[in-house]
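Please look through the sequence and the model below. The paragraphs after it take up one part of the structure at a time.

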Amino acid sequence: MTTYTARPIDQVALKDLRSVDDAGRTMVPQTDEEGGAPLRCCLRRSAPGERLALVSYAPLRRWAARTGAEPGAYDEQGPVFIHADECAGWQGDDLPFTNAHRTVRRYSAEGHILGGRLVERPDDFEAAFAEAFDDPSVAFVHVRAVEYGCFYYEVRRP
């Protein structure tokens, strides 16, 4: 059990993304023949034969629309895999996708990047979150892929 909670893409956003993604493209479902795609709806890897979609997602834009923040140039969108159909969502209480190097990127309440930390081992995530939230100007963090910068999930203050 972790002190920090992984927050996948929320159900309202997923419903939108399954229609039109944040780049204005209609979702194109596909069957995942091999499995292993990192799903941002339920924070697990896909199994062979599941129906998925690769969609463009803008987490800061959606967050800013709810909070009135102005991320400005920090607003970005990127590719994420989701189930093409509604799924059960995240069911865990551990931290997913910790089996590879990740970046813990810090954001202010305005949605501006305040820095980040490379996390190389699964045991280092808790320390990276604690370090981030020791700074009172950090409102939340994103766990992202190192090689492509893709969004995995959000973590907020405990």
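Which residues line the largest pocket? In this predicted model, the lining is made up of Arg7, Pro8, Ile9, Asp10, Tyr57, Pro59, Arg62, Trp63, Arg66, Phe151, Glu154 and Arg156. Two elements, H2 and strand E9 (151–156), each give two or more residues to this lining. Helix H2 gives the most, with 4 residues. Sorted by class, the lining has 6 nonpolar and 6 charged residues and no polar ones. The volume of the largest pocket is about 160 Å³. Arg7, Glu154 and Arg156, which are among the lining residues, are also linked to one another in a network of salt bridges.

Next comes the end of the helix. Just after H2, Gly68 takes a positive phi of about 85 degrees. Gly68 belongs to the loop between H2 and E5. Is Gly68 buried or exposed? Its relative accessible area is 55%, so Gly68 counts as exposed. The C-alpha atoms of Gly68 and Asp93 are 25 residues apart along the chain and are separated by 30 Å. Glu110 is 42 residues away from Gly68 along the chain, and there the C-alpha separation is 8.5 Å.

Glu110 itself sits in the loop between E6 and strand E7 (113–119). With a relative accessible area of 43%, Glu110 is partly exposed. Leaving out residues up to four places away in sequence, Glu110 touches Trp63, Ala69, Glu70 and Pro71.

The charged pairs come next. Side chains of opposite charge can pair when their charged atoms come close. How many salt bridges does the structure hold? There are 13 salt bridges. One of them joins Glu76 and Arg105, with the closest N and O atoms 2.5 Å apart. Glu76 lies in the loop between helix H2 (59–67) and strand E5 (78–83), while Arg105 lies in strand E6 (residues 102–107), so this pair ties together parts that are 29 residues apart in sequence. Glu76 also forms a salt bridge with Arg144, at 3.4 Å from N to O. Because Arg144 is in strand E8 (residues 140–145), this second pair ties together parts that are 68 residues apart in sequence. Glu76 is partly exposed, with a relative accessible area of 29%. Its two partners are buried: Arg105 has a relative accessibility of 17%, and Arg144 has a relative accessible area of 4%.

A further salt bridge brings together the side chains of Arg106 and Glu131, at 2.5 Å from N to O. This pair links distant parts of the chain, since Arg106 is in strand E6 and Glu131 is in helix H3 (residues 125–133), 25 residues apart. Arg106 counts as buried at 13% relative accessibility, whereas Glu131 counts as partly exposed at 38%.

Which residues have the most contacts inside the largest nonpolar core? They are Val104, Phe129, Val141 and Tyr153, in a core of 20 residues. The elements that give two or more residues to this core are H3, E8 and E9. Helix H3 gives the most, with 5 residues. Apart from neighbours within four places in sequence, Val104 is in contact with Gly115, Gly116, Arg117, Val119, Phe125, Ala128, Phe129, Val141, His142 and Val143. Two of these contacts, Phe129 and Val141, are themselves named among the residues with the most contacts inside the core. A second, separate core has 18 residues, including Leu14, Ala37, Cys42 and Cys87.

Technical notes. Residues are numbered from 1 along each chain as its sequence is written. This is a predicted model: local features need pLDDT of at least 70, side-chain atom pairs count only at pLDDT 80 or more; totals for chains, interfaces and linings use all residues. Side-chain values use heavy atoms; hydrogens and water are left out. A salt bridge is a side-chain nitrogen of Lys or Arg within 4 Å of a carboxyl oxygen of Asp or Glu. Buried means under 20% relative accessible area, exposed over 50%, partly exposed in between (1.4 Å probe, protein chains only). On a 1 Å grid over the protein atoms alone, a cavity is a set of points where a 1.4 Å probe fits but cannot get out, and a pocket is an open set with protein on both sides within 12 Å along at least five of seven lines; lining residues have an atom within 4 Å of a point. Grid points are joined across faces, edges and corners, and a volume is the space filled by probe spheres set on the points. Ala, Val, Leu, Ile, Met, Phe, Trp, Tyr, Cys and Pro count as nonpolar, Asp, Glu, Lys and Arg as charged, and the others, Gly among them, as polar. A nonpolar core is a set of buried Ala, Val, Leu, Ile, Met, Phe, Trp, Tyr and Cys residues joined through side-chain atoms within 4.5 Å. Contact means heavy atoms within 4.5 Å.
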